[in-house]
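Hi,

Here is the structure I promised to pass on.

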Amino acid sequence: MTILANTLVIFFISVGLLFIVVTVIGLVRLPDLYSRSHAASKSSTLGVMCILLGVFFHFWLNENHFNPGILLGVVFLFITGPVGAHIMSRSSYIAGVKPWSGTVRDDLKEEFKGKLKNKKI
Amino acid sequence: MSFQILLNIFLAFLLMFLTSNYSPSGFVIGYLLGLLSIVALRRFFKTRLYIGRVWSVILLIFLFIKELILANISVLILVLRPKLQMQPAFFKYDTELKEDWEITLLSSLITLTPGTVVVHVSDDNKSLFIHVIDSNDINETIDSIKNSFEKAILEVSRS
């Protein structure tokens, strides 16, 4: 039973670490802000969630201490992660951050044409 | 829907008082019997039964988790590939959803799907502007995925 519990804990924490390392490599390698927000929003959300789940299982199965606060933290991350990525990429588009030169299509330019003129950015 | 849940809890308390069994198990038994009677009387409600909606919410949660894991695997492959092959694009997607919470849910679902981040929601709530990381082969599959998301959300909000 302890072996099973430890396997579960080690699995979750190592998967979380893997995804956080992927996030960091993505932040360094990807060319512009918008594609970096892909790596930052998805992998870091799942990575931190997996680490929190591992901690939860460790305290529940090995130490007999059920801590629902950790589960609330998982749900909170699940809700706020994508919204944070959305807000950051939207505000940087409005502030005038240029997309990478390889960007193929840009429908947003039409949408924001009037607004950007009004704000005189 | 909330009326049906309230009615079900009321029926559970009614059975607890009838049998004078004031324990959690008494509540559960009363709730299940009340659920049976609500299912039997479903013709008299104007909206559909709340059980179906609860079931579609559960399906939506599992869809969310599955998409999160798939998205992370695709980001992992993209980042660790020795040569970066990507064609980012912003494209416009017209949605049929009306309510604010539906659009919020759809955009956070799209943000967690492989290779897409919602950048802007237009002022009339009719179209989403999505940044996609690889536009040449993903466009059509993304459309099909989003149709399944929209269908799942519409399934929840259908009265």
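Let's start in chain B, with B:Ile77, which sits in helix H3 (residues 50–80) of that chain. Bear in mind that this is a predicted model. B:Ile77 has a relative accessible area of 47%, so it counts as partly exposed.

Among the buried residues of H4(B) are B:Glu102, B:Ile103, B:Leu106 and B:Leu109. There is also a charge over a ring: B:Arg43 lies over the face of B:Phe44, 5.7 Å from the ring centre.

Now the aromatics. Over all chains, the structure holds 15 aromatic pairs. Take A:Tyr34 and A:Tyr93: their ring centres are 6.0 Å apart and the planes are at 55 degrees, so this pair is tilted. A:Tyr34 comes from helix H2 (residues 33–62) of chain A and A:Tyr93 from helix H3 (residues 68–94) of chain A, so the pair ties together parts 59 residues apart in sequence. Both partners are buried: A:Tyr34 has a relative accessible area of 1%, and A:Tyr93 has 8%.

Chain A also has an aromatic cluster, made up of A:Phe11, A:Phe12, A:Phe56, A:Phe57, A:Trp60 and A:Phe66.

Cheers

Conventions. Residues numbered from 1 in each chain as written. Chains lettered and ligands numbered in written order. Predicted model: local features only at pLDDT ≥ 70, side-chain atom pairs only at ≥ 80, totals over all residues. Heavy atoms only, no water. Phe/Tyr/Trp six-rings, centres within 6.5 Å; stacked < 30°, edge-to-face > 60°. Helix = DSSP H or I, 4+ residues; strand = E, 2+ residues; numbered from the N terminus. Buried < 20%, exposed > 50% of the residue type's maximum accessible area, 1.4 Å probe, protein only. Lys NZ or Arg CZ within 6 Å of the ring centre and 35° of its normal.
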